[in-house]
Amino acid sequence: MSFENYKTELDFSKYFVAFVPRLTMSDKSLDIFFENFHEGKILCIVRDPLNWLSSAKRHSKDYLNLNNALNLWYASNLKNFDLFKKNKKSVKIIIFEHLITDTRKQMKEISEFLKIEFDDYLLTPTFNKEKILSDSSFKTVEGKIDYETLDRKKTDSKEFSQNIDKTMINKCEQLYHDINAYLR
């Protein structure tokens, strides 16, 4: 009930939604999740690794070591991918860039996966059907899809080319490509 405009009593809620970073990286956390939420669903959003890094390093000092940050991206998304392949009824991978460029298709797939009714209000960032600000490490926008998220890595391309191990970039980009190919 942390949002000012939250309008539903929790006792009557059919669904609970939470953002739990790195939940899937811990087998113990996953066991606890599925013990408590037998019909629970996990949505894993996979983003282009360098676009993610551009945002992440502005979000937290924890990501300032670029190689360590990409190593975390890799470990997290490899775990998500493995979990998805083993448990497609409870885990869905969403490619962030597809969510931005083909929002309607992606939101219809998500609605179907969650067994909720699709509505056009799902096509723009809202809470209780009211416009909200984007959650961004860059300039925020209100109530619309921010297409600039697709090119964040351009902002830092020189720094990335100078300071990130090329093997790490290739490893992450290959995993991103493999996940995309698997989902087609």
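A nonpolar core is here a set of buried Ala, Val, Leu, Ile, Met, Phe, Trp, Tyr and Cys residues joined through side-chain atoms within 4.5 Å, where buried means under 20% relative accessible area with a 1.4 Å probe, protein chains only. The model is predicted, so local features need pLDDT of at least 70 and side-chain atom pairs pLDDT 80 or more, while totals for chains, interfaces and linings use all residues. Residues are numbered from 1 along each chain as its sequence is written, and side-chain values use heavy atoms, without hydrogens and water.

The largest nonpolar core has 30 residues, and Leu53, Leu70, Trp73, Ile93 and Ile164 have the most contacts inside it.

| Element | Residues |
|---|---|
| Helix H3 | 66-86 |
| Helix H8 | 166-183 |

H3 gives the most, eight residues. A second, separate core of six residues includes Ile94, Leu99, Ile110 and Leu123.

H3 and H8 pack at about 25 degrees with axes 10 Å apart; axes are lines fitted to C-alpha atoms over the stretch in contact, and angles run from 0 to 180 degrees between N-to-C directions. The two helices are therefore roughly parallel, a term for angles under 35 degrees. Residues in this contact (heavy atoms within 4.5 Å) include Leu70 and Trp73 of H3 and Cys172 and Leu175 of H8.

How values were computed: Helices (H or I, at least four residues) and strands (E, at least two) are DSSP runs, numbered from the N terminus. Angles under 35 degrees count as roughly parallel, over 145 as roughly antiparallel, 65 to 115 as roughly perpendicular and the rest as oblique. Buried means under 20% relative accessible area, exposed over 50%, partly exposed in between (1.4 Å probe, protein chains only).
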